[in-house]
Amino acid sequence: MNAHHWPLSYLTSAGLRAGKVVPLTWYMLSVSIIVCLVIAALLWGGVRRSRPLIGNVEMSSVPVERGGNGIRWISIGLLVSAVPLVVALVWTMLTLAAVAGPPPHPALVLDVTGRQWWWQVQYNGTSSTDIFETANEIHIPVGVPVLVRLHGGDVIHSFWVPQLTGKTDTIPGQVNLSWLEADTPGRYLGQCTEFCGYQHAHMQLEVVAEPQAAFSQWLSQQRQSAAATTTPEATRGLELVEYRCGLCHRVRGTEASAFSAPDLTHLMSRRTIAAGTLLNNPGNLVGWIQNPQNIKPGNLMPNQALSAAQLSDTLAYLESLK
């Protein structure tokens, strides 16, 4: 089942930064619509006023009448057009000044790296035990500014959560800063908006804004290592994950300790897999493990071709990663 069930909304805001951009967006959209309507009305009027040719009269026999040069109408048009353009320029500069700089005292600092085709998210803290990684799903507390340091992992991507923040590129070898703040709890869809390869369209992320108590509980749970296995099936699945998946993925507390693919330590706490391509449920997880190239062609995860017993054991272990 595809995970896309609500659109990217850039005409509404749910945070301080986006709240300053949305009115400007509505203004520019309104001006554009008015311009299109005026041009359509003038064209329609011109067609109505034109004199149709009578019968089969040759064009060369139609008398040419010299009229006015139209300079007056051009001057009026330029003056009328200049007003909304100047308003847009001034408004844009004021908006950029209001939203460009990062918050002076962020409550949370994240390092987000764009990769083909998923989002690596690192939560920082005051000690090494506070640092952990997740993928494609960012949790933040409501009502506090969050600083996002953006990194390019391979090619240029662009980080955009329209209801919370504007577009900022992730460029290899460079750190760009963005920030976001949510006014109300909810899930806010984001998307890479810089063409970055074959699966660019399947590079979504979600920002989950929640009350401080719920966020603190989530943060505490995410900092923990993976729970020990409790069944023979899950134990066999752990061995498979360490041997087959540990070359790319990490599961904290196990021998799987690579960093080139999403951290799986708390995989089942996420709503989606494959960067928003699929809902995170057993059926989709099995399909993704067994044949990811069929679901998301070109991604870096190879087809696993596990036996039915191996697939069942792997699923049993992954479902314990909550």
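**Backbone stops in the loops**

Begin with A305, which is located in the loop that runs between α6 (292–295) and α7. The model is a predicted one. The phi angle of A305 is near 50°, a positive value in a residue other than glycine. A305 counts as exposed because its relative accessibility is 63%, where the cut-off for exposed is over 50%.

Next, select N136, in the loop between β3 (132–135) and β4. N136, although not a glycine, also has a positive phi, of about 65°. Is N136 buried or exposed? With a relative accessibility of 9%, N136 counts as buried. As background, most residues other than glycine have a negative phi, and most peptide bonds are trans.

Then display the backbone from Q116 to W117, where the peptide bond is cis and omega is near -5°. W117 is placed in the loop between β1 and β2.

**The largest nonpolar core**

Select V112, Y123, I138, I140, F159, L164 and Y188. These residues have the most contacts inside the largest nonpolar core, which has 29 residues. To see which elements build this core, colour the strands β1 (108–115), β2 (118–123), β4 (137–141), β5 (146–152), β6 (157–161), β9 (186–192) and β10 (204–210), together with the helix α3 (212–222); each supplies at least two residues of the core. In soluble globular proteins, nonpolar side chains tend to be buried together.

Centre the view on I140 and show its surroundings. Beyond its neighbours within four places in sequence, I140 is in contact with L108, V146, L180, A182, V207, V208, A209, E210 and F215.

Now move to V251, L264, L285 and L321, which are among the 21 residues of a second, separate core.

**The largest pocket**

Finally, select H249, A261, P262, W288 and M301. Of the 34 residues that line the largest pocket, these lie nearest its centre. How much space lies in the largest pocket? The volume is about 680 Å³.

Colour α4 (232–245), β11 (272–273), α5 (282–290) and α7 (308–318), each of which supplies at least two residues of the pocket lining. The largest share, 3 residues, comes from α5.

Methods:
Residues numbered from 1 in each chain as written. Predicted model: local features only at pLDDT ≥ 70, side-chain atom pairs only at ≥ 80, totals over all residues. Heavy atoms only, no water. Core = buried A, V, L, I, M, F, W, Y, C linked by side-chain atoms within 4.5 Å. Buried < 20%, exposed > 50% of the residue type's maximum accessible area, 1.4 Å probe, protein only. Helix = DSSP H or I, 4+ residues; strand = E, 2+ residues; numbered from the N terminus. Contact = heavy atoms within 4.5 Å. 1 Å grid on protein atoms, 1.4 Å probe; cavity = no way out; pocket = protein on both sides within 12 Å on 5 of 7 lines; lining within 4 Å. Points joined across faces, edges and corners; volume = space filled by probe spheres on them.
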